[in-house]
Amino acid sequence: MSHSFPIAARPMPGRPFLSSFEERLVLAMLVLFLLFVSAQGVLAHEFKVGDLEIEHPWSRATPAGAKVAGGYFTVINSGSAPDRLLSISSDISAKAELHEMGVKDGVMTMRPVSGGLEIPAGGKVALKPGGYHLMFVDLKRQPKQGEKFSATLTFEKAGTVTVEFAVEGIGGSMDDHAN
Ligand SMILES: [Cu+2]
């Protein structure tokens, strides 16, 4: 038996079906793209000055009464000459120092780094708990989890850049020399 569909009941030719599929595909890609962009904004932030890129500056919330807070980030030098982090300042503390952690006679110690921190040409340096870090000394207020505070970094060649430190939760760490 052969049937012939009335013309109106026939499936539409390929084109309209495809284009609605394509529309949905484009929409799905757009949604994914926006999700990706907003996730990037939340999870990471970066700053550029000259040949340097400063990735994800972060700090930690401090307990009431704490006098110091750490500061961490990664600096990437895409230039052909080394640079040097010379000084740091922030409204959150009276002063800010560059520190180095190390083990001396089996004891974890930290000391200020004199002469700045070299960022090798084409290389990168990570400031992180347990290693090089910034120390905001004589806090004027406690950094709170979820907020950001700004600080100014001065490099020998690239110059000065203001970055935002994202404050993460209080976490136990060997870098916590608040007491
Ligand atoms: Cu320190």
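Visitor: What counts as a strand here, and which one holds His 56?

Guide: A strand is a DSSP run of E with at least two residues, numbered from the N terminus. His 56 sits in strand β2. Keep in mind that this is a predicted model.

Visitor: How many helices and strands does the chain have?

Guide: One helix and eleven strands.

Visitor: What share of the contacts links residues 24 or more positions apart?

Guide: Take the contacts with a separation of 6 or more; 70% of them join residues 24 or more positions apart. As for burial, 21% of the 179 residues are buried.

Visitor: Which strands does β2 pair with, and in what sense?

Guide: Start with β1. It runs antiparallel to β2, with four bridges between them. Strand β3, residues 68-77, is also antiparallel to β2, over six bridges. Strand β11, residues 159-168, runs parallel to β2, joined by three bridges.

Visitor: Which residues face each other in these pairs?

Guide: Phe 47 has Ile 54 of β2 as its bridge partner. Glu 53 is bridged to Ile 76 in β3. Arg 60 stands opposite Glu 168 in β11.

Visitor: How should I read side chains along a strand?

Guide: In a regular strand they alternate between the two faces of the sheet.

Visitor: What is found between β1 and β2?

Guide: A hairpin with two residues between the strands. Gly 50 there takes a positive phi near 55°. Asp 51 also lies in this loop, between β1 (46-49) and β2 (52-60).

Visitor: Which residues does Asp 51 contact beyond its neighbours within four places in sequence?

Guide: Asn 77, Ser 78, Gly 79 and Ala 158. Another distance to check is the one to Asp 83, 32 residues along the chain: the C-alpha atoms are separated by 9.1 Å.

Visitor: Why is Asp 51 classed as partly exposed?

Guide: Count the other C-beta atoms within 10 Å: 20 or more means buried, 12 or fewer means exposed. Asp 51 has 18, so it is partly exposed.

Visitor: Which residues other than glycine have a positive phi?

Guide: His 56 is one of them, at about 45°. Asp 138 is another, with phi near 60°. Asp 138 lies in strand β9, residues 133-139.

Visitor: Are His 56 and Asp 138 exposed or partly exposed?

Guide: His 56 is partly exposed, because 15 other C-beta atoms lie within 10 Å. Asp 138 has 11 C-beta neighbours inside 10 Å, so Asp 138 counts as exposed.

How values were computed. Residues are numbered from 1 along each chain as its sequence is written. This is a predicted model: local features need pLDDT of at least 70, side-chain atom pairs count only at pLDDT 80 or more; totals for chains, interfaces and linings use all residues. Two residues are in contact if their C-beta atoms, placed from the backbone, lie within 7 Å. Two strands pair if DSSP finds at least two bridges between them.
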